[in-house]
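Open the model in your viewer and keep the selection tool at hand. The tour goes stop by stop.

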Amino acid sequence: MTATEGSATGGARRWLPDGPDLIVASDNLEAIAALPPASFTLIYLDPPFNTGRSQQRQGVTTVASAGGSRVGFKGRRYESVKTTLYGYDDRFVDYWEFLEPRLVEAWRLLDDRGTLYLHLDYREVHYAKVALDALFGRECFLNEIVWAYDYGARTKRRWPSKHDTILVYVKNPDAYHFDAEAVDREPYMAPGLVTPEKAARGKLPTDVWWHTIVSPTGREKTGYATQKPEGVLRRIVQASSAPGDWVLDFFAGSGTTGAVAAALGRRFVMVDSNPQAIEVMRRRLPAASVIDELVTADAEKPGVVSA
Ligand SMILES: C[S@@+](CC[C@H](N)C(=O)[O-])C[C@H]1O[C@@H](n2cnc3c(N)ncnc32)[C@H](O)[C@@H]1O
């Protein structure tokens, strides 16, 4: 099947600003290369920690050994033994070789009002900040959001780690969209210290967000292991896009970004390479078109519907 229409499934399609919301079952780098520049006002990315290709570089060292096969100075015998070196470094290099070209594409795809939210944890976030400073420019850094939750076991060997970090960068620091008035307000911690009017209105969230993880028994739960809560995405979509704007998530997983975007009247493109994620999104976002290839205008093939 090469043609897709309405909410049809499979095939190839060109993204158009007045076309349908899309779920794309594909490797993301390949898919997003087909999207035109400056088409999205908001990009949210929640990449996996690992690329799935954790490498271990094999090192070799020489030790003295009576039965060794190599003869050296004064007839001493030596043996080469294998050691494992740089396991962590290899994973790091591998991860950033994977992520960096995708961040370059994210920059290309943001429009002048656009904002990138990159969701990571303590393992990679410091490298990501250096990479994004270089890619976007330090003047384009907007925030480092700490999402704090309280769930799971607590180690007694160090402070239990119970937060993720979301880095926020804008394409143009003089033109970016940020609507604080559109964001759901939260209760004051000490409502007795402010006027009753202020207490009733609540306060604007800061860069530290206390929010529960997706409840294992709640309405939101899709069963997708790394699903993020709609409440976290709602703030992001409310603040950094307007109704009608296009939102992109190319590590879409269960499609939380798409679900929130649709509920708030935004348009979306969700990309994921995992067939289970596509099945979850198909159920969660029934009005979207599900395709397995995004094509450019130039590469449009006969039979591909482009409007
Ligand atoms: C941490 S999960 C995202 C969870 C999502 N935020 C949610 O709320 O459900 C990361 C996702 O990236 C997808 N992914 C990893 N590498 C990918 C690639 N190269 N292309 C497309 N998707 C990829 C995985 O299949 C996984 O669903």
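Where is the place of Ala38? Select Ala38: its place is in the loop between α1 (28-32) and β3 (40-45). Helices (H or I, at least four residues) and strands (E, at least two) are DSSP runs, numbered from the N terminus. Ala38 has a phi near 55°, a positive value in a residue other than glycine. Most residues other than glycine have a negative phi. Ala38 is partly exposed, because 14 other C-beta atoms lie within 10 Å. The cut-offs: buried means 20 or more other C-beta atoms within 10 Å of a residue's own, exposed means 12 or fewer, and partly exposed is in between, with C-beta atoms placed from the backbone.

Before moving on, two notes. Residues are numbered from 1 along each chain as its sequence is written. The model is predicted, so local features need pLDDT of at least 70 and side-chain atom pairs count only at pLDDT 80 or more, while totals for chains, interfaces and linings use all residues.

**Whole chain**

Zoom out. The chain has 7 helices and 14 strands. Of its 307 residues, 33% count as buried. Among contacts between residues at least 6 apart in sequence, 69% join residues at least 24 apart. Two residues are in contact if their C-beta atoms, placed from the backbone, lie within 7 Å.

**Trp15**

Select Trp15, in the loop between β1 (12-14) and β2 (22-25). Trp15 counts as buried because it has 24 C-beta neighbours inside 10 Å. Leaving aside neighbours within four places in sequence, Trp15 is in contact with Leu22, Leu35, Val269 and Leu294.

**Strand β2**

Now select β2. Leu22 and Val24 point one way, Ile23 and Ala25 the other, and all are buried. Next, show the partners of β2. Two strands pair if DSSP finds at least two bridges between them. β2 and β12 run parallel, joined by 4 bridges. β2 and β13 also run parallel, joined by 3 bridges. Stop at Ile23: its bridge partner in β12 is Met270, and in β13 it is Val290.

**The core**

Ile23 also belongs to the largest nonpolar core, which has 65 residues. Ile23, Val24, Ile43 and Leu118 have the most contacts inside this core. Such a core is a set of buried Ala, Val, Leu, Ile, Met, Phe, Trp, Tyr and Cys residues joined through C-beta atoms within 7 Å. Select Leu118. Beyond four places in sequence, Leu118 is in contact with Leu45, Ala128, Leu132, Ile166 and Leu167.

**Strand β9 and its partners**

β7 (residues 110-120) pairs with β9 in the antiparallel sense over 6 bridges. β8 (residues 141-148) pairs with β9 (residues 163-170), also antiparallel, over 7 bridges. Here Ile145 stands opposite Ile166 in β9. Why is β9 largely enclosed by the rest of the structure? The reason is that 6 of its 8 residues are buried. Step across β8 to β10 (residues 208-210): these two run parallel, joined by 3 bridges. Trp147 stands opposite Trp209 in β10.

**Two helices**

Select α5 (residues 230-240). Its buried residues are Val232, Leu233, Arg235, Ile236, Val237, Ala239 and Ser240. Their cover includes β3, β7, β8, β10, β11 (246-249) and α6.

Then select α7 (residues 275-284). Ala277, Ile278, Val280, Met281 and Arg284 are buried there. They are on the same side of α7, because they cover an arc of only 165° around the axis, taken from the directions from the helix axis to the C-beta atoms. Pro275 and Arg283, on the other side, are exposed. The buried residues of α7 pack against β2, α6 (256-263), β12 (267-272) and β13 (289-291).

**The ligand**

Last, select the ligand. How many residues surround the ligand? There are 18, and the closest are Phe251, Gly253, Ser254, Thr256 and Asn274. A residue is near if its C-beta atom, placed from the backbone, lies within 6 Å. The shell divides into 6 nonpolar, 8 polar and 4 charged residues. Ala, Val, Leu, Ile, Met, Phe, Trp, Tyr, Cys and Pro count as nonpolar, Asp, Glu, Lys and Arg as charged, and the others, Gly among them, as polar.
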